[in-house]
Amino acid sequence: MTYPVHLDVKPQVKGFFDTATNTISYVVKDPASKACAIVDSVMDIDYAAGRISYTHADEIIAYVKDHDLKVEWLIETHVHADHLSAAPYIQGKLGGKLGIGKNITIVQETFGKIFNEGTEFQRDGSQFDRLFEDGDTYEVGEMECVAIHTPGHTPACMTHVMGNAAFVGDTLFMPDGGSARADFPGGDAGTLYDSIQKVLALPDEMRLFMCHDYGPNGRDIRWETTVGEEKAHNIHVGGGKTREEFVKYRTERDATLDMPKLILPSLQVNMRAGALPSAEDNGKRYLKVPINAL
């Protein structure tokens, strides 16, 4: 499929780094208006204490208000397994429509079973305002954007191209960081390689924005690169590495990795579009810990 690309449209991109989860959230402003999108927001959690807070989200809200921006979209690149989304909290303060990839329904079905959710938990993606399919377009102000299905890390992963900027979620890391794991339920290393090739088929000058950075080898945190840099230097897929080489490395590497510290609360919240589970008969909300389920 050929995707619409508008390199002459250059949105202003403001990144917000969350040190607790090494996540970067973005405010993406249409260059022709005050319209913007928010990509991959973070809700703060003290998991040991069972406390939710919104310091990170409030920083984004303050930035939007200080610059008199209008939020039209809150985009989730995928169902994150390492941080909780603050999208509904921000939506309640600033408005906008919440969007994610259509295959959220696969994630909901898989983890609805793992967490033994009842029939009141809808597995049809209805918690979101828009479910994107491969090649779907939408507008942020006057800027046409396109969603590209890039599964492999999860079935619902999408890369969102907004002008000359693409937000890749966990499909890619910075060139010296490589790629994300592919061993979660519904993940697949070969599929991830194929998805990365779709990203690398974009023009070399396309700006790429990461969802995470961990500062490999002690360097400073970074989150912006280009397609050309990834093609040439990405340690997992750059320089013409083959699908077979990638699958072998990714599979062996994933077998050595621990589960993300926040995977259990993250999945329960993010499959609900950032909402907490319903309160029980005592008025309190709970996050489950399924034993030996992952």
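**Aromatic rings and the charges over them**

In this predicted model, the charged end of Lys14 sits over the ring of Phe16, 5.7 Å from the ring centre.

A pair of aromatic rings is described by how far apart the centres are and by the angle of the planes. The structure holds twelve aromatic pairs. One of them joins Trp73 and Phe132 in a tilted arrangement, with 5.6 Å from centre to centre and 45° between the planes. Trp73 belongs to strand E6 (residues 70–75) and Phe132 to strand E8 (residues 130–132), so this pair ties together parts of the chain that are 59 residues apart in sequence. Both Trp73 and Phe132 are buried.

Phe173 and Tyr214 make another pair, this time edge-to-face, at 6.0 Å centre to centre and with 70° between the planes. Here, too, distant parts of the chain are linked: Phe173 is in the loop between strand E12 (165–167) and helix H4 (189–200), while Tyr214 is in the loop between strand E13 (207–209) and strand E14 (224–226), 41 residues apart. As for burial, Phe173 has a relative accessible area of 13% and counts as buried, because the cut-off for that is under 20%. Tyr214, at 45%, is partly exposed.

Elsewhere, the rings come together as a group: Tyr26, Phe167 and Phe209 form one aromatic cluster.

Definitions and conventions: Residues are numbered from 1 along each chain as its sequence is written. This is a predicted model: local features need pLDDT of at least 70, side-chain atom pairs count only at pLDDT 80 or more; totals for chains, interfaces and linings use all residues. Side-chain values use heavy atoms; hydrogens and water are left out. Rings of Phe, Tyr and Trp (its six-membered ring) pair if their centres lie within 6.5 Å; planes under 30 degrees apart count as stacked, over 60 as edge-to-face and the rest as tilted. Helices (H or I, at least four residues) and strands (E, at least two) are DSSP runs, numbered from the N terminus. Buried means under 20% relative accessible area, exposed over 50%, partly exposed in between (1.4 Å probe, protein chains only). A charge sits over a ring if NZ of Lys or CZ of Arg is within 6 Å of the ring centre and within 35 degrees of the ring normal.
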